[in-house]
Amino acid sequence: MRTVQQLGFAYRRAFDAKVHAYLKARYILPEDARVMRQRAQLCPPSTYAETYRDHYDAFVPVTPCTAH
């Protein structure tokens, strides 16, 4: 199994594709999709779910986390 670091840009492309699919299906609003994409880039070594879980207190403002 490869890590997010090894997947690099491929992970972000896959995440963006899923967000776009939800947006196209009207499951999320355009402004929510924009924020999700921004938040997915906050901690490049982590997945979106890991960033949400590990940095929830600082997750409301869209600011980068410190590297682990």
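Contact is taken here to mean heavy atoms within 4.5 Å of each other. The model is a predicted one, in which local features need pLDDT of at least 70 and side-chain atom pairs count only at pLDDT 80 or more, while totals for chains, interfaces and linings use all residues. Residues are numbered from 1 along each chain as its sequence is written, and side-chain values use heavy atoms, with hydrogens and water left out.

Among contacts in the protein chain between residues at least 6 apart in sequence, 26% join residues at least 24 apart. The chain contains 4 helices and 0 strands, these elements being DSSP runs numbered from the N terminus (helices, H or I, at least four residues; strands, E, at least two), and their order from the N terminus on is α-α-α-α. The accessible surface comes to about 5300 Å², of which 58% belongs to carbon and sulfur atoms, as given by the Shrake-Rupley method with a 1.4 Å probe, where for residues only the protein chains shown count as cover. Of the 68 residues in the protein chain, 25% are buried, a term that denotes under 20% relative accessible area, with exposed standing for over 50% and partly exposed for values in between (1.4 Å probe, protein chains only).

In soluble globular proteins, nonpolar side chains tend to be buried together. The largest nonpolar core in this model is made up of 7 residues, namely Y11, F15, V19, I28, A33, A40 and Y48; such a core is a set of buried Ala, Val, Leu, Ile, Met, Phe, Trp, Tyr and Cys residues joined through side-chain atoms within 4.5 Å. Two or more residues of this core are given by helix 2 (9–24) and by helix 3 (30–40), and helix 2 gives the most, with 3 residues.

Helix 2 and helix 3 pack with their axes 10 Å apart and at an angle of about 170°, the axes being lines fitted to C-alpha atoms, for helices over the stretch in contact, and the angles running from 0 to 180 degrees between N-to-C directions. Helix 2 is therefore roughly antiparallel to helix 3, a description that applies to angles over 145 degrees, whereas those under 35 count as roughly parallel, 65 to 115 as roughly perpendicular and the rest as oblique. In this pairing, F15, D16, V19, H20 and L23 of helix 2 meet P30, A33, M36, R37 and A40 of helix 3. H20, which is placed in helix 2, is partly exposed at a relative accessible area of 45%, and the C-alpha atoms of H20 and A33 are separated by 7.5 Å although the two residues are 13 residues apart along the chain.

The buried residues of helix 3 are A33, V35, R39 and A40. Seen down the axis of helix 3, these residues fall within an arc of 165°, so they line one face of the helix, the arc being that of the directions from the helix axis to the C-beta atoms.

The loops on either side of helix 3 were also examined. R26, in the loop between helix 2 and helix 3, has a positive phi of about 65° although it is not a glycine, and R26 counts as exposed at 76% relative accessibility. Q41 is found in the loop between helix 3 and helix 4 (48–54) and, at 39% relative accessibility, counts as partly exposed.
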